[in-house]
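Take a look at the structure below. This briefing walks through it topic by topic.

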Number of protein chains: 2
Amino acid sequence: MPESGVNATAAALLGLLHDGPMTGGQLMAEADRRLGAYWSMTRSQVYRELPALADMGYVRMGKPGPRSSQPYSITPSGRRAFSRWLNEEPAREAVRNPVVLRAAFGNLQTPNTLASAYAEAADYHSQALADLRETVKTMKRDGDTFTAAAQEFAIGYHKAVLAWLKTAPTK
Amino acid sequence: MPESGVNATAAALLGLLHDGPMTGGQLMAEADRRLGAYWSMTRSQVYRELPALADMGYVRMGKPGPRSSQPYSITPSGRRAFSRWLNEEPAREAVRNPVVLRAAFGNLQTPNTLASAYAEAADYHSQALADLRETVKTMKRDGDTFTAAAQEFAIGYHKAVLAWLKTAPTK
DNA sequence: ATAGCCATGTAACCAGTTACATGATTTC
DNA sequence: GAAATCATGTAACTGGTTACATGGCTAT
């Protein structure tokens with residue numbers, strides 16, 4: 001199992017760059033749209049990874065555009081690195097849900113406090129679910145099978161949280 | 001909404017210390033057992049947070065035990081900080097699933113590569129599910145409602161991932 | 001033309017992980 | 001009682017977040 005030398009976030013950028021050169025801002029927007037539901041990343045990460053990827057020769061800088069924006073394109077060795085990453089052992093995913101953590105200490109708080117935490121969480125996940133269903137619809141229409149399938153994961157996740165919230169005890 | 005001044009991991013430690021004084025090692029073991037399924041933390045974090053919590057006056061060091069182990073107990077102001085944390089807006093949870101990220105780039109890899117990633121993931125989640133069901137059984141028997149309920153969340157999560165893996169496309 | 005806005009990029013900070021040192025306990 | 005083991009704690013690094021600076025674009 002060869003080491004790709006990139007972390008998952010950098011690999012995601014390399015993946016996105018397969019569609020053509022992009023600036024940091026464009027990459028961020030695209031990552032948010034296509035991957036955000038199951039792989040969060042921040043603008044700052046993008047802007048830090050890009051020069052690092054350039055140092056490794058995995059991307060190349062193009063001609064600067066307006067607003068001092070800097071387009072990057074993937075290099076052949078970047079494609080190889082991405083391909084190595086695909087074949088690596090995926091990192092163990094870290095599940096970290098703050099609302100569940102609060103629930104675990106239900107005995108140390110009032111039922112009301114806990115119930116309102118549940119209610120807020122339910123609002124959030126319902127909204128996320130509704131948004132996702134909308135975007136998946138257009139993605140399926142545009143024939144992007146894998147992107148849509150990955151969104152389906154996020155849908156399943158939010159549904160699972162909502163289902164759990166219904167059953168979670170407050171006292 | 002008052003600021004508790006602690007992050008979720010430190011708050012979890014304060015929560016555990018409500019059951020009585022514990023050393024770093026004991027806290028780590030307990031966190032792993034009770035919270036690990038939905039709130040991962042590492043030993044190093046525990047050992048870093050404890051002195052920080054002591055600096056803030058939220059825990060107090062007791063008499064050193066064997067193997068230079070250091071017991072900590074929660075202080076009244078620590079209890080208040082924990083209680084403030086319970087009333088804070090929970091941090092937005094970050095969903096980051098590496099297997100789904102790979103799946104999103106399904107068009108850039110062979111069906112076999114992707115299928116074997118799915119298979120490995122299914123193994124992992126099946127195992128996790130089986131383990132959880134076992135521990136929940138004993139937790140319910142011991143009457144720990146909230147702990148058991150929180151574990152149920154993790155069960156739901158793994159089930160959702162497994163369900164998604166069954167439907168996820170490889171080509 | 002200028003004031004405000006907003007996208008771009010940077011830098012400092014914080015949290016999480018990995019790798020290491022130390023010394024007490026067990027085992028033979 | 002020497003060697004191996006294992007729990008405790010530390011330190012260095014990586015990755016993620018938050019807060020800041022800069023300057024082009026837009027609207028009046």
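Which residues of α3(A) are buried? They are V46(A), E49(A), L50(A) and L53(A). A residue is buried if 20 or more other C-beta atoms lie within 10 Å of its own, exposed if 12 or fewer, and partly exposed in between, with C-beta atoms placed from the backbone. This is a predicted model: local features need pLDDT of at least 70, side-chain atom pairs count only at pLDDT 80 or more, and totals for chains, interfaces and linings use all residues. Residues are numbered from 1 along each chain as its sequence is written, while chains are lettered from A and ligands numbered from 1 in the order in which they are written.

**Helix α3 of chain A**
- Helices (H or I, at least four residues) and strands (E, at least two) are DSSP runs, numbered from the N terminus.
- Helix α3 of chain A covers residues 43-55, 13 residues in total. At 1.5 Å a residue it should span 18 Å, and its end C-alpha atoms are 19 Å apart, which agrees. The expected span is 1.5 Å times one less than the number of residues.
- The buried residues V46(A), E49(A), L50(A) and L53(A) cover an arc of only 110 degrees around the axis, which puts them on the same side of α3(A). The arc is that of the directions from the helix axis to the C-beta atoms.
- The face turned away from that buried side carries the exposed residues S44(A) and D55(A).
- The buried residues of α3(A) pack against α1, α2, β2, β3 and α4 of chain A.
- Just after α3(A), G57(A) takes a positive phi of about 80 degrees.

**The two chains together**
- In all, 47 residues of chain B are in contact with 47 residues of chain A. Contact means that the C-beta atoms of two residues, placed from the backbone, lie within 7 Å.
- On the side of chain B that touches chain A, α7(B) gives the most, with 13 residues.
- A rotation of 180 degrees with 0.0 Å of shift along its axis superposes chain B on chain A, with RMSD 0.1 Å. That is the relation of a two-fold axis. The superposition is by least squares on the C-alpha atoms of residues with pLDDT of at least 70 in both copies.

**I155 of chain B**
- I155(B) sits in helix α7 of chain B.
- I155(B) is partly exposed, with 17 other C-beta atoms within 10 Å.
- Leaving out residues up to four places away in sequence, I155(B) touches L129(B), L132(B), R133(B) and V136(B).
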